[in-house]
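Trainee: I would like to learn how to read a few features of a model. Please take them one at a time.

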Amino acid sequence: MVRFDSVGLSYASGNGEAAGPEVLHDLSFTLPDGAFRWLLGPSGAGKTSVLRLMYLDVRPTRGRVLVLDTDIGTAPRDALPRLRRRIGVVFQDFRLLSHLSAFDNVALPLRLGGRPEGQIRADVTEMLRWVGLGRKHGARPPELSGGEQQRVAIARSVIARPSLLLADEPTGNLDDAQAQRLMQLFKELNRLGTSVVVATHNDSLVERHPAPALRLESGRLVRQE
Amino acid sequence: MGLSLRPSGFDELGLRRALADRALPFLVAAMALLASLALAGWDGAAALARHWDQGAGEAVTVQVPQPDEAAVQGPGTRLDRVLAILRGSPGVASANALTDKQLGTLLQPWLGAAGNQLAVPLPAVIAVRLTQSDIDTAPLAARLDAAAPGTLTENHDVWIGRLARLSRSLQACAGMALLLVAAVAAAVIAVATRAGLAARREAIEIVHGLGATDSYIAGRFAGRATMLATTGGVVGALLALPVLLTLALLAAPFAGPAPPPTTPADMLATLPLTLWLALPGLPASAAAIGFLTAQGTVRWWLRRLP
């Protein structure tokens, strides 16, 4: 379960001490286990900030955020890595390790989780084949196109069967057919129990896959469907 | 978790490029070489202190001017009288007058081979060994001077004390040099680690975001730093060996009348056992400094991440 109670967030200003202006104001909502939500709103509405709170990249300035039943405002720092391993994230800018092959990038969450190498090999090979990169498993990200890099990032985010999957504009570099395939994957994971939150500008995608949405404007939740 | 099954050589943080594999071992090798010299200084100073404490600590020299003239008190010459008093005194283990030849040998470094033929009247010199080093020789000196006026009793204790203090100071200097070298080595490794952190910041943030613990990331850095520091330590110890052997060969004549070593085995044997034990300690110490410094630096740096 993910729950926001009167959450406010401001980022530290450049000098590292004083907090800057608030980018999220009084956000309250609940995502039950196994939920699927669109996260909608114009650029600068705060979608990425909401996702950052959910993937434990920042802690709330005020209010309470529960992620997978852990209060991330009060949880000790050493409790967070284990929680992060249960969350898959597809970043807008992919955040792949450019010196590693596609295979090693996708394998990283499993290796951090201490899975046996034999299982990793089988799972990653299968996943790369599924996203259409079976023949490019040895290529490093700079050798791949934007769409291919995005598919590596998607494969990495789901390889460890996360309890919570967060995606920030995951179809931005994909063609229509690939975007449809990706939505099928997200829905399949959701059916198996993973909570999924997808931030997007792609209205046609939302129309084709109707689901409850959180709509943000200027850091406030304006609609919850 | 401590157990990781990732394939060996898997370098997810890209540390092979970030922690330079030439500069760091080179600097650590230089530190290890300096440390070995400091250790040799420490060991040499300690050996000198032991030598002086044991060998000369119980020795007293008595000089008797005009040894062949009649004594003021009692029968015989002044020399006979002084020897008799010495041999009858409690605390004296032995008292032997040096022969003219021995005296000549003693003076040879200062007067040359002609010392024996000098027209200058030389005093007789008596080497006295005491049963204990802390005997007060002042009353004995007064008795000797009364029996043969002008007799000088020179207790080596004062000199031994000064030399012992000097050697202890040298040891302290060597110890401080050793600590300084260790501190500089730690600083070098800390700077290299911080440069590596700055270079691989993005990779660290990605791996951290995927759920890597601080100990995992610190362990990756520490593993790399330990390997590089150990390499430097081994190279430094190997470079130190010929330098230390040369120093030991130069110092060998001062240790005793042993013939100069001719075979390689003899040459290796001139190096004290403590240094043979200390040399393998250099890579081990470099490894420990590398590991602890990298661990501390990375863990401190990681606190800035959520």
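Trainee: Among contacts in chain B between residues at least 6 apart in sequence, what share joins residues at least 24 apart?
Mentor: This is a predicted model. In chain B, 82% of the contacts between residues at least 6 apart in sequence join residues at least 24 apart.

Trainee: How many helices and strands does chain B have, and in what pattern along the sequence?
Mentor: Chain B has ten helices and four strands. Along the sequence the pattern is α-α-β-α-β-α-β-α-β-α-α-α-α-α. Of the 306 residues in chain B, 33% are buried.

Trainee: How is the packing of two helices described?
Mentor: Two numbers are used, the angle between the axes and the distance between them. In chain A, helix 3 (residues 102-112) and helix 5 (residues 146-158) pack at about 25°, with axes 7 Å apart. Angles under 35 degrees count as roughly parallel, so helix 3 and helix 5 of chain A are roughly parallel to each other. The crossing of helix 3 of chain A past helix 5 of chain A is right-handed.

Trainee: Which residues meet there?
Mentor: Helix 3 of chain A brings Ala102(A), Asn105(A), Val106(A), Leu108(A) and Pro109(A), which meet Val152(A), Ala155(A) and Arg156(A) of helix 5 of chain A. The residues of this contact are six nonpolar, one polar and one charged.

Trainee: How many residues of chain A are in contact with chain B?
Mentor: 21 residues of chain A are in contact with 17 residues of chain B. On the chain A side, helix 2 (80-84) and helix 3 each give two or more residues. Helix 3 of chain A gives the most, with five residues. The chain A side divides into ten nonpolar, two polar and nine charged residues.

Methods. Residues are numbered from 1 along each chain as its sequence is written. Chains are lettered from A and ligands numbered from 1 in the order in which they are written. This is a predicted model: local features need pLDDT of at least 70, side-chain atom pairs count only at pLDDT 80 or more; totals for chains, interfaces and linings use all residues. Axes are lines fitted to C-alpha atoms, for helices over the stretch in contact, and angles run from 0 to 180 degrees between N-to-C directions. Angles under 35 degrees count as roughly parallel, over 145 as roughly antiparallel, 65 to 115 as roughly perpendicular and the rest as oblique. A crossing is left-handed if the near helix is turned anticlockwise from the far one by less than a right angle, and right-handed if clockwise. Two residues are in contact if their C-beta atoms, placed from the backbone, lie within 7 Å. Ala, Val, Leu, Ile, Met, Phe, Trp, Tyr, Cys and Pro count as nonpolar, Asp, Glu, Lys and Arg as charged, and the others, Gly among them, as polar. A residue is buried if 20 or more other C-beta atoms lie within 10 Å of its own, exposed if 12 or fewer, and partly exposed in between; C-beta atoms are placed from the backbone.
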